[in-house]
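Me: I'd like to learn how to read a few features of a protein model, one at a time. Could you walk me through them?

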Amino acid sequence: MKDKTLFQQIKEGFQDTLYIWAKEIRNVFHDEGVLIFCILVPLGYPLLYSWIYNNEVVRDVPVAIVDMDHTALSREYIRKVDASPDVKVAYYCNSLEEAQDMVGRQMVRGAIYLPSDFSKNINRGEQSFVSVYCDMNLMLAYKAIYQTSQAVASLMSAHIQIERSADMTNRENEVTVEPIRQEQVNIFNSTIGYGNAIIPPVLMLILHQTLLLGIGLAAGTARENNRFADLVPISHHYNGIFRIVMGKGLCYFMIYMVMGTYVGLCVPRFFSYTAMNHAEYFFPFLIPYILATTFFGMTVTGVVRHRENILLLVMFTSVPLLFLSGVSWPVSNMPTFWKYFSYLFPSTFGLRGYTTLSSMGGTLNDIEFEYKALWIQVFVYVFLTCIVYRRQINLSRTHTRERIERIKEMLQSVQKSKQSVEEE
């Protein structure tokens, strides 16, 4: 008899969970707002971001040249700068003030100033200077101008050293110019591009934020329409609350496993970004990330009273979550409070883990800390979601009773008024 009772309880639990899952699926596909944020945005937004950053590095940054020397050596310097792929000589100015005015009007992104004694100092065997003025509003433009000017100066310095040396062979010239040889090998982000650096974490953040938006919009609609009252028959004990949470969570988990596969495996390969992640490591990582984000979103719905609230919340937290994850600012430089505060959000571990898997070719062993942290968040947020949903259902039950009492009072008042009219 006990075995039969246990079997019936398990069967009833599965039926209730599937009922809630089917109900939530219908709500998702009947709610235009939820459908947009859960389906259309994850499909289109990653493509837009990846397409914008697909060039990765800036090319032909316009600069103004102020050549006060007007010698063959200064012209050679200018030609080499203009021949580089990153910088384009757009204007020649007669004074530094004229060049600064062009930078202020955004006609150029920087200016290169060659003093009147540029070649004279070099011919005397003295050190000469080149001044580089950059617009710091755009770091990529600053990087292109400064590094190009530095590379040209190093190249010309090497040729001058060779001309003045008494070496007899090419090998001796090489040793004179570069006594200690260094070889630069770009690992992971081999293109040194902005897209390869920022797109992987942004893709995971898109999943995180759109999932929060979808869950929040659905919860706001449910609260406005008092749909939580429909769940009262299932929530007669704590196991009923757990079934509700699992049923709703299963709905978003199934949708976002598909979205996560598309965003994490397909989008980077569409645009030829560095993608060294393998399905055997990606899916075990994606499962706890989607689950943790789902139940985190369901927990946050406790403060969502209207549909619009979640939009403001997600918009406010998007940029801070990117910084807190440690992919754009080193974790070692973060204040201790913010470092541990970031552990509240699944995005922190999701962005770090995916970047390691995709950009660095890591395995689950390399993201052991992030992987365990995500599973801990899953269990913690399942527990908190159960508490939040119990409270929501109890409030809905109370509101339903109050509404019934008000209706009864209205009916009684109507009956009394009829009786008084009949007596008159």
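**Reading a helix, a sheet and some contacts**

Reply: Gladly, and let's start with helix α3: its face turned away from the buried side carries the exposed residues A72, R79 and A83. Buried means under 20% relative accessible area, exposed over 50%, and partly exposed in between, with a 1.4 Å probe and protein chains only. Please keep in mind that this is a predicted model, where local features need pLDDT of at least 70, side-chain atom pairs count only at pLDDT 80 or more, and totals for chains, interfaces and linings use all residues. Residues are numbered from 1 along each chain as its sequence is written, and side-chain values use heavy atoms, with hydrogens and water left out.

Me: Which residues of α3 are buried?

Reply: The general idea is that an α-helix has 3.6 residues a turn, so residues three or four places apart point the same way. In α3 the buried residues are L73, S74, Y77, I78 and V81. They cover an arc of only 140° around the axis, which puts them on the same side of α3; the arc is taken from the directions from the helix axis to the C-beta atoms. Helices (H or I, at least four residues) and strands (E, at least two) are DSSP runs, numbered from the N terminus.

Me: How far does α3 reach from its first C-alpha to its last?

Reply: Helix α3 (residues 72-83) has 12 residues and reaches 16 Å, close to the 16 Å expected at 1.5 Å a residue. That expected span is 1.5 Å times one less than the number of residues.

Me: Now the strands, please. Is β3 largely enclosed or open?

Reply: Strand β3 (residues 110-114) is largely enclosed by the rest of the structure, because four of its five residues are buried. Strands count as paired if DSSP finds at least two bridges between them. Strand β1 (residues 61-67) pairs with β3 in the parallel sense over five bridges, and D67 has L114 of β3 as its bridge partner. Strand β4 (residues 131-134) runs antiparallel to β3, joined by four bridges; here I112 stands opposite V132 in β4.

Me: How many salt bridges does the structure hold?

Reply: Side chains of opposite charge can pair when their charged atoms come close. The cut-off for a salt bridge is a side-chain nitrogen of Lys or Arg within 4 Å of a carboxyl oxygen of Asp or Glu. The structure holds six. One of them joins R243 and D16 at 2.7 Å, N to O. This pair links distant parts of the chain, with R243 in helix α9 (residues 238-270) and D16 in helix α1 (residues 2-30), 227 residues apart. Both R243 and D16 are buried.

Me: What about R105 and D101?

Reply: Their salt bridge has its closest N and O atoms 3.0 Å apart. R105 counts as exposed at 52% relative accessibility, while D101 counts as partly exposed at 38%.

Me: And backbone angles: what is the phi of D60?

Reply: Most residues other than glycine have a negative phi. D60 is not a glycine, yet its phi is positive, about 50°. D60 sits in the loop between α2 and β1 and is partly exposed at 44% relative accessibility. S272 also has a positive phi, about 60°, although it is not a glycine. Its place is the loop between α9 and α10 (279-300), and S272 is exposed, with a relative accessible area of 63%.
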